[in-house]
Amino acid sequence: MLIRKSTKNDAAGMIELEHLVWTPGTTPGDTHYATESEYLLKNPPESKVVAEIDGKIAGILGFHSPIPLKSNEHVWMLDIAVHPDFQKHGVGSALMQELYRIAKAENKKKISLRVLSTNEKAIQFYKKHGFEKEGHLRNEFIIDGNYVDDIFMAVFL
């Protein structure tokens, strides 16, 4: 497995992965990219970390400041997606290790995320990697006709 920054040539594989992973069970919004150009506008080269296995994008890790204020620059917001073919193969854990390495090198102190309450697999993964629940917004979304809570989680470095 190769962990590296994303490149322009990764766009097609990253789109495929995102279309497979971001479903009503994992995100409250519609994630769809019609073209590689559209994807690259939102996710320019080197803006994400990818896990590559045998030339295929196995996972994507994104992180950014949730609020562009100097007083919040010690915090990153995380998003992570692992291709279904590579789940339970250590891809997510390898990406999290890289995130922690980069965050510590850049003197970040907190990494936060949001996860749907119905995404129990993701919640367990985050707990395994040290994340704890910080907040809970009840009935925040209506997905497929059902109310779904939004969970805020964080880890302190």
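I started at Ser93, which sits in helix H3, residues 91-105. I take helices (H or I, at least four residues) and strands (E, at least two) as DSSP runs, numbered from the N terminus. The model is predicted: local features need pLDDT of at least 70, side-chain atom pairs count only at pLDDT 80 or more, and totals for chains, interfaces and linings use all residues. Residues are numbered from 1 along each chain as its sequence is written, and side-chain values use heavy atoms, leaving out hydrogens and water.

**Ser93.** Is Ser93 buried or exposed? I find a relative accessible area of 17%, so Ser93 is buried. Buried means under 20% relative accessible area, exposed over 50%, partly exposed in between (1.4 Å probe, protein chains only). I then looked up its contacts (heavy atoms within 4.5 Å). Leaving out residues up to four places away in sequence, Ser93 touches Phe125, Lys128 and His129. The side chains of Ser93 and His129 are joined by a polar contact of 3.0 Å. A polar contact is a pair of N or O atoms within 3.5 Å; within protein, one must be able to donate a hydrogen and the other to accept it, and residues adjacent in sequence count only if both atoms are side-chain atoms.

**Strand S4.** I turned to S4 and its partners. Seven of the eight residues of S4 are buried. S3 and S4 pair antiparallel, over six bridges; strands pair if DSSP finds at least two bridges between them. Gly62 has Asp79 in S4 as its bridge partner. With strand S5 (residues 110-116), S4 pairs in the parallel sense over three bridges. Met77 has Ser112 in S5 as its bridge partner. From S4 the chain crosses through H3 to S5, and this β-α-β crossover is right-handed. That is, with the strands pointing away from the viewer, the path from the first strand over the helix to the second runs clockwise.

**Helix H1.** I listed the buried residues of H1 (residues 11-21): Ala11, Met14, Ile15, Leu17, Glu18 and Val21. They lie on the same side of H1 because they cover an arc of only 165° around the axis. The arc is that of the directions from the helix axis to the C-beta atoms. These buried residues pack against helix H2 (36-42) and strands S2 (48-53), S3 (56-64) and S4 (75-82).

**Whole chain.** I count four helices and seven strands. Of the 157 residues, 45% are buried. Among contacts between residues at least 6 apart in sequence, 63% join residues at least 24 apart.
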